[in-house]
Amino acid sequence: MSNMDLEEEFSLGEEDADLDDLIDDEVANSPHHNKHDEEFNPDDIRTQEAALLTQNELNEAMEQRGLKFQGFFTDDARTLQRAFDEERAEFVEMERRKFMDKKARAQKQERMQRKRLLHEQQLKEEHDEVENDPRVKAWLDMIHKDVTNSSARIAVNSITARVLAQALWDNQSLVCLDLSRNNLDDYAGLRLGRMLKRNTALKKLELDSNNLAVKTCNAMAESLATNTTLTLLSLESNPLTKNGKDVSGIMKLGDMLKANKTLTSFNAWRSDIGAEGGAVIARAMANNTTMVFLDMGNNNVSVDDMRDIAAMLQRNQNLALDNQAAATAEADRQAVVESDRKAQADKVQKKEDFASWMEEQKEERADQRRKELEELRVRREEEQQKLDEEMRIQREKKAAEEANAGKKKKKKVRAHHSRRGAGCHPFARVLSPHYPSSSLFLPLTRPPLLFLSQGKKKK
């Protein structure tokens with residue numbers, strides 16, 4: 001597999017640098033000879049001797065190189081030898097570059113393979129360690145869900161601290177974290193320092209009485225150069241310089257103090273800073289205007305540097321008081337402005353509310369009027385319908401009465417005709433013997449139907 005393939009397959013982002021630090025430590029502390037440590041030896045490339053050539057070989061070599069003949073073998077050999085030496089130097093340089101490129105590729109490939117194996121090993125040991133510690137597992141679950149209390153004291157070891165650091169990348173619920181007296185190693189501190197580059201919620205981080213050293217200082221300095229939320233950092237009782245052997249981490253912290261404008265409290269009591277580190281911090285404090293608490297006690301810092309640091313802290317405290325007073329005055333002014341703005345806004349709002357209320361009342365009155373008119377219309381329609389119904393009933397009653405009257409009248413007429421027709425019924429006519437030429441209509445002594453029935457019998 002090529003180096004490009006390895007880099008594409010194995011990319012960890014910020015953790016790459018962490019693994020590089022581990023590999024560098026392994027190489028530095030390994031007593032075994034690295035197979036890539038051999039160096040290029042130019043003596044392995046022999047130099048061609050012009051003096052050992054024959055006259056014909058000398059002439060041919062000079063013609064190939066376009067060299068001018070002197071006419072004497074010794075002079076021509078010296079001229080050709082200079083050309084040979086220049087060619088050898090170019091060849092040696094070309095071979096050296098090839099050797100170094102090959103060596104670098106081999107080292108890079110070996111480093112990438114080692115890094116991948118180391119990462120897999122770390123993942124496994126982190127997983128196993130978390131599974132064996134239910135308390136840490138519960139903490140990690142709450143951190144991932146952002147449901148922790150704002151302050152926490154967590155018991156971890158160097159392995160679970162690495163997992164905790166990664167879990168804190170995006171956490172917003174934890175504000176104050178205390179990991180003191182956990183015997184954390186420098187690599188765990190490095191991971192916690194890198195975490196501060198991403199975390200935007202922590203304001204207080206305490207790492208007292210651990211085994212944090214140079215790598216932790218470097219990571220903390222790099223992250224706090226851009227972090228704008230952490231205000232308190234405590235590294236009390238940590239071997240930050242490995243017993244004075246390496247102050248590079250303190251120098252990085254000094255550079256951070258020149259740039260950081262958020263950190264106001266830094267506890268480095270009994271942290272093995274030493275006189276050289278104290279001088280670095282004293283020079284850095286000259287350019288810091290926000291630090292108001294800095295504990296450098298029990299670090300073998302010179303009296304002059306301690307005096308300078310104390311003077312800078314006093315200056316910063318005075319500035320902080322002035323800034324606080326100015327902030328208070330500005331807050332009061334803003335409060336007055338806000339009060340005036342609110343009063344004006346309330347006035348405008350009241351006016352708008354009154355106008356809105358008037359409009360609502362107008363609409364309510366209009367709605368009430370429409371409702372009253374609708375009720376009046378419905379009532380009139382109902383009254384009209386009732387009136388129409390009464391008139392219909394009267395008409396029907398009148399029509400019924402007229403019909404009954406007509407029926408009675410018809411009955412009366414028929415009765416009248418019946419009475420008149422009874423005296424002149426054909427069967428009731430009797431011819432008088434005394435009056436043969438005339439007929440006498442005698443009143444009937446029986447109903448006409450009787451005569452009719454008798455008449456039918458006669459037929």
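Tutor: Start with a definition: a residue is buried if its relative accessible area is under 20%, exposed if over 50%, and partly exposed in between, using a 1.4 Å probe and protein chains only. Helices (H or I, at least four residues) and strands (E, at least two) are DSSP runs, numbered from the N terminus. This is a predicted model, so local features need pLDDT of at least 70 and side-chain atom pairs count only at pLDDT 80 or more, while totals for chains, interfaces and linings use all residues. Residues are numbered from 1 along each chain as its sequence is written, and side-chain values use heavy atoms, leaving out hydrogens and water.

Now go to helix α6, residues 158-167. Eight of its ten residues are buried, so the helix is mostly covered. The buried ones are Ser 158, Thr 160, Ala 161, Arg 162, Val 163, Leu 164, Ala 165 and Ala 167. What do they pack against? The partners are α4, α5 (134-145) and α7 (186-195). Contact here means heavy atoms within 4.5 Å. For the whole protein, buried residues make up 31% of the 459 residues.

Take α4 (residues 73-131) first, which meets α3 (residues 55-65). Their axes come within 10 Å and cross at roughly 50°. Axes are lines fitted to C-alpha atoms, for helices over the stretch in contact, and angles run from 0 to 180 degrees between N-to-C directions. Angles under 35 degrees count as roughly parallel, over 145 as roughly antiparallel, 65 to 115 as roughly perpendicular and the rest as oblique. On the α3 side, Gln 55, Leu 58, Ala 61, Met 62 and Arg 65 make the contact. Among the α4 residues that they meet are Phe 73, Leu 80 and Phe 84.

Next comes α7, which packs with α8 (residues 214-224). Their axes are 7 Å apart, at an angle of about 0°. The two are therefore roughly parallel to each other. In α7, the residues in contact include Asp 186, Leu 190 and Arg 194. In α8, they include Val 214, Ala 219 and Met 220. Cys 217 is buried too, at 0% relative accessibility.

Step back to the wider fold. The protein has twelve helices and eight strands. Six strands form an open, parallel sheet in the order β1-β2-β3-β4-β5-β6. Its edge strands, β1 (151-153) and β6 (293-295), each pair on one side only. Strands pair if DSSP finds at least two bridges between them. Neighbouring strands of the sheet are turned by 5° against each other on average, direction ignored. Within it, three bridges join β4 (residues 232-234) to β5 (residues 265-267). There, Leu 233 stands opposite Phe 266.

Finish in the loop between β6 and α11 (303-422), which holds Val 301. Is Val 301 buried or exposed? Its relative accessibility is 13%, so Val 301 counts as buried. Leaving aside neighbours within four places in sequence, Val 301 touches Gly 274, Ala 275, Gly 278, Met 296 and Met 306. Val 301 also lies 7.7 Å from Gly 277, C-alpha to C-alpha, though they are 24 residues apart in sequence.
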